[in-house]
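Let's take a walk through this model together. Have the sequence and the 3D view ready, and follow along as we go.

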Amino acid sequence: MELNGRSVFLTGASSGIGRGTARVFAAAGARVALCARSADKLRALEDEILRAGGEAAAFPADVTDEKALEAALRGAAARFGGVDVVVHCAGTNVKNKLADTDDAAWDRILDTNLKSTYRLARLAHPYLKKSAEARPAKFLAIGSVGSYLGIPLSAAYCASKGGLVQLIRAMAVEWASDGICVNAVCPGYIRTPLSEAAFKIGDTYNKVLSRIPMKRIGAPEDIGRALLFLASGDSDYITGTTLNVDGGLLATAHTMDD
């Protein structure tokens, strides 16, 4: 799988899955436009990729700010001669009981995880349609095992990720005639700054590990490689699907250890 010369606009690039994915894509030859709120973290990642011989540029923006996101896309297209692939990794969650979740918290999670996907898709569509005149363009987004399973203290998160999967399917049907493949990757438990904090609470780590048949927590690069497949020419006949990257979590009723 390679992306030599392909221009990729990647959100959530400053940390976690987005950061790991940026490294994977740059190593595969992509020209990566790095987008996130933290300009300092983006600049550091840009420097890292450039030192490794890759090609990247930082375009700081908040995915909930339409004008800033539009400017970032426009800047990326100008820098790299268009946008061939969009990878939407930005997301958030706030752990709380549903009865204690106010409108502001609900709206913030839905806006960051779900509405931003619609917003980015609408803004990126002209660039992707133009790219698809030469070869299939790609729009990819990050779902979750919470797209399918109920996670305690995460009702808004699960609602946003479930909605994202359905949005991806509808987009895939609508954009097929434009030559744009639309897919989602649904991670299981992945080592990120946010998850590491949760793993340290009580016996959480061992409980999580006991539910994963492959008996390990995933790395951001595990998701990055799945996204790389869906961004590459190897997946040009795949659209409207979700690829679960979870060590077997969604497949199991119980593990052999149980």
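**Two loops and two helix pairs**

Start with K215, which sits in the loop between helix 7 (204-210) and helix 8 (220-231). Helices here are DSSP runs of H or I with at least four residues, strands are runs of E with at least two, and both are numbered from the N terminus. Before going on, a quick note: this is a predicted model, where local features need pLDDT of at least 70, side-chain atom pairs count only at pLDDT 80 or more, and totals for chains, interfaces and linings use all residues. Residues are numbered from 1 along each chain as its sequence is written, and side-chain values use heavy atoms, leaving out hydrogens and water.

Back to K215: what is its phi near? The value is near 55°, which is positive in a residue other than glycine. Most residues other than glycine have a negative phi. K215 counts as partly exposed because its relative accessibility is 30% (buried means under 20% relative accessible area, exposed means over 50%, and partly exposed is in between, using a 1.4 Å probe and protein chains only).

Now hop over to L153, in the loop between strand 5 (137-142) and helix 5. L153 isn't a glycine, yet has a positive phi of about 65°. With 41% relative accessibility, L153 counts as partly exposed.

Next, the helices. Two packed helices are described by the angle between their axes and the distance between the axes. Helix 4 and helix 5 (residues 155-175) pack at about 15°, with axes 8 Å apart. (Axes are lines fitted to C-alpha atoms, for helices over the stretch in contact, and angles run from 0 to 180 degrees between N-to-C directions.) That angle makes helix 4 roughly parallel to helix 5, a label for angles under 35 degrees.

The contact includes L69 and L73 of helix 3 and L120 and Y127 of helix 4. Its residues divide into seven nonpolar, no polar and five charged.

Notes
Contact means heavy atoms within 4.5 Å. Ala, Val, Leu, Ile, Met, Phe, Trp, Tyr, Cys and Pro count as nonpolar, Asp, Glu, Lys and Arg as charged, and the others, Gly among them, as polar. Angles under 35 degrees count as roughly parallel, over 145 as roughly antiparallel, 65 to 115 as roughly perpendicular and the rest as oblique.
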